[in-house]
Amino acid sequence: MQRIARGLPCASSNPAANQGIRIRSGGSARKHNGIAQGSGNRRDGIILTDPLGYLDFLCLMKHASLVVTDSAASRKKQQFLGTPCVTVRENTERPVTVESGTKYDCGEQKQTPSTGAIRRQLGRKRENGVPKNWDGRAAVRIIDTLVRRHYEKTSSRLALCPHAVPLEDRCSCLEPNLRTMDNHLEAKIPKLLAYCQANNWAGYDPYDAANSKAFAALPFLNSRLPRLVLTQVLKRSPLNIRAVAYRRPKNPKAIALFLSAFLKLSRIGVVKAGDLSEPMIERLVALRSQGVPHWCWDTVFRGRHAP
Amino acid sequence: MIAHVEAGLRSFDRSMPEEVNRILTDHVSDLLFVTRRAGFQNLRNEGISLDKIHFVGNTMIDSLLNFKEKAEASTILEQLALVRQAGKNGAANSVTRYALLTLHRPSNVDNQDIF
């Protein structure tokens, strides 16, 4: 404190400082306690204040000839405002204000540098050494990164999610390459649909043997071991025996999944809903379980023949 | 997911509780938003993977830019009598030259001899 005070009268002999410099101290509560006990009375030219609000402090910082601080946060702001600044501490976690030249550190333990540092600072012209990206858009970049990250993690799932489009609209600040679905995937969808349609939305299952009509025709085979054998033979055979004799069943669950996919894909504009969804609905209605008053569907799967 | 805004700052003095908090938080975070390029290097030196680190700038400057104009409306200079009244020759009010001092570090203010 004494060294700082010594530095200031020296500074006033500097032609740039033609007035006596008033020392104002303010800031954190901790400091306030210390100084209240330490210097007690109000010295000439020194104004002690209670801790100040953000706007008041900003205003004082902007109009000051010099800021002396040990606060990293004040220093950053002062650097941005271009006010000369001396830092009173031995180390700094934010050397950027030193690098860009708006500030000099003077260590606590050294005997003389305060005076020199203060003089140097006062003799300097005000200039802004503003680091890259200190442009008031840091928060926007943070949000951008968080949203991008979220999309990367869930891109394929989100593409089929009805919320995807409004979320993207809300983040209009994002770069255009941020799509809900990548183009590669989008190109594959029509091909897959065409294939499924050509196969009448039905296919083979590794455990088709469990549903085979052969068991109904030959009851003596319908016990655990023969079924297991037939299942594994069909499943492991390099030839698709089922292509000859087996009629692929229509599975209502599969049709319902297809239908739900159409509706979602049509909502984000990948397929046209009209031409596919209506026949699917009819098909689903036709597969309703008979003899029950409610709308329900059943599928048969004898999973116990799995190995 | 943990994101750390103002990551990568280092004083390299582990006797400061802030320093320990900074290091700890950086190492448990999934996303690290650094305010300056040197932050990148500090984190890389500690073995933090590059894809977690994002150089986004300084949110403190965001708020400063937002409130800069409003701060000009502050009457603190008048309250502390740091404004010279207009002279008889009609000159505009001018701000007295003053230095602003603020200290809070224990090493600066807790010991009366040093202070």
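Chain A has 14 helices and five strands.

The model is predicted, so local features need pLDDT of at least 70 and side-chain atom pairs count only at pLDDT 80 or more, while totals for chains, interfaces and linings use all residues. Residues are numbered from 1 along each chain as its sequence is written, and chains are lettered from A and ligands numbered from 1 in the order in which they are written.

A residue is called buried if 20 or more other C-beta atoms lie within 10 Å of its own, exposed if 12 or fewer do, and partly exposed in between, with C-beta atoms placed from the backbone. Of the 307 residues of chain A, 25% are buried; for the 115 residues of chain B the figure is 30%. Two residues are in contact if their C-beta atoms, placed from the backbone, lie within 7 Å. Among contacts in chain A with a separation of 6 or more, 49% involve residues 24 or more positions apart. In chain B, 35% of the contacts between residues at least 6 apart join residues at least 24 apart.

Helix H4 of chain A covers residues 72–81. Eight of its ten residues are buried, so H4(A) is largely enclosed by the rest of the structure. Among the buried residues are Arg75(A), Lys76(A), Lys77(A) and Phe80(A). Just after the helix, Gly82(A) has a positive phi of about 90 degrees.

Two packed helices are described by the angle between their axes and the distance between the axes. H4(A) packs against helix H3 (residues 59–72) of chain B at about 55 degrees, with the axes 10 Å apart. The axes are lines fitted to C-alpha atoms over the stretch in contact, and angles run from 0 to 180 degrees between N-to-C directions. H4(A) and H3(B) are therefore oblique to each other, a term for angles that are not under 35 degrees (roughly parallel), over 145 (roughly antiparallel) or 65 to 115 (roughly perpendicular). Ala73(A), Lys76(A), Lys77(A) and Phe80(A) of H4(A) make the contact with Met60(B), Ile61(B) and Leu64(B) of H3(B).

Methods
Helix = DSSP H or I, 4+ residues; strand = E, 2+ residues; numbered from the N terminus.
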